[in-house]
Amino acid sequence: MKDSILIVIPARYASKRLPGKPLVKIAGKEMIGRVAEIAEYVCAKNSGCSYAVATDNDRIAEFCGENGIPVLMTSGTCRSGTERCLDAVRQTKHKPEFIINLQGDNPLCPPWFLEQMIAEWRADKEAQVFTPFLHLSWEEYDRLKESKRETPFSGTTVLVDKSNYALAFSKNIIPALRREQSLRVSMDKPPVRRHIGLYGYTYEALENYFRLEPSSYEEAEGLEQMRFLYHRIPVKLIEVDYRGRRSSSGVDSPEDVQRVESIIAEFGEFDLSL
């Protein structure tokens, strides 16, 4: 019986700020091992689901082999995690119906995010791309505004329609809030949703992505998901929350390692017991 779902974990060894980062230890455990544990847990809870690390590096492949982690060797010419994801999928004997791209530098990705994406894919037969968002509180909105004063192109927001299909993504905060003070009185939350860069694709959508022409919006914003919207490929947004845990982006530097370790120390490890 073929697998319906494949979680691909792209893992690149080279990193200017953190060389060999998939094998860097976080709280005593290699980062790629942590991400693989999350994928393995999700697969164990969802029928027809499997996972594999996708890499072009022998050291990562060797580590995976020694630790019983499925691995697919991909081309060294892959320019992005998305391209490496497709390269891995093309190697599978039976093409999966749904592919989740779980980046190998995301050791604190909540497993329930992946489970919600799988559940939404099973329920929604119109969408071709699935990705999570966080509906910000006023406090979180204020923090996002403050962070953009220092790093204006970090953090992506998204507009959705009444069915949570994406209308637009931007590195700016959208929508702009006119009469913000009155909105703070009338609304429990601002209408601002922060996009979380985790993607699930139908097989057709992932294949088509590299055949489609990039749009000027994608090139201007540096957001590859705008290519789907430009070509009218439906992107479904899934509302998630961190269940009281502190959120974390990818690990790209020694400082990021320390940040992730502090989160683990404060909130503990994920409960991955079945």
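In helix α1, the buried residues are Met31, Ile32, Gly33, Arg34, Val35, Ala36, Ile38, Ala39, Tyr41, Val42 and Cys43. Here, buried means under 20% relative accessible area, exposed means over 50%, and partly exposed lies in between, with a 1.4 Å probe and protein chains only. The model is predicted, so local features need pLDDT of at least 70 and side-chain atom pairs count only at pLDDT 80 or more, while totals for chains, interfaces and linings use all residues. Residues are numbered from 1 along each chain as its sequence is written, and side-chain values use heavy atoms, leaving out hydrogens and water.

Let us stay with α1 for a moment. Because 11 of its 15 residues are buried, α1 is largely enclosed by the rest of the structure. Helices (H or I, at least four residues) and strands (E, at least two) are DSSP runs, numbered from the N terminus. At 1.5 Å a residue, the 15 residues of α1 (residues 31-45) should span 21 Å, and the end C-alpha atoms are 22 Å apart, which agrees. The expected span is 1.5 Å times one less than the number of residues.

Now for the aromatic rings. Rings of Phe, Tyr and Trp (its six-membered ring) pair if their centres lie within 6.5 Å; planes under 30 degrees apart count as stacked, over 60 as edge-to-face and the rest as tilted. By this rule there are 11 aromatic pairs. Here are two of them:

| Pair | Centre to centre | Angle between planes | Type |
|---|---|---|---|
| Phe98 and Phe130 | 5.5 Å | 90° | edge-to-face |
| Phe113 and Tyr242 | 5.0 Å | 65° | edge-to-face |

Phe98 lies in strand β6 (residues 98-101) and Phe130 in strand β7 (residues 129-135), so this pair ties together parts that are 32 residues apart in sequence. Phe98 and Phe130 are both buried. Phe113 belongs to helix α4 (residues 111-123) and Tyr242 to the loop between β12 (235-239) and α10 (254-267), so their pair ties together parts that are 129 residues apart in sequence. Phe113 and Tyr242 are buried too.

Elsewhere, ring pairs link Tyr199, Tyr201, Tyr209, Phe210 and Phe228 into a cluster. Tyr209 also has a charged neighbour: Arg227 lies over the face of Tyr209, at 4.0 Å from the ring centre. Likewise, Arg59 lies over the face of Tyr13, at 3.9 Å from the ring centre. A charge sits over a ring if NZ of Lys or CZ of Arg is within 6 Å of the ring centre and within 35 degrees of the ring normal.
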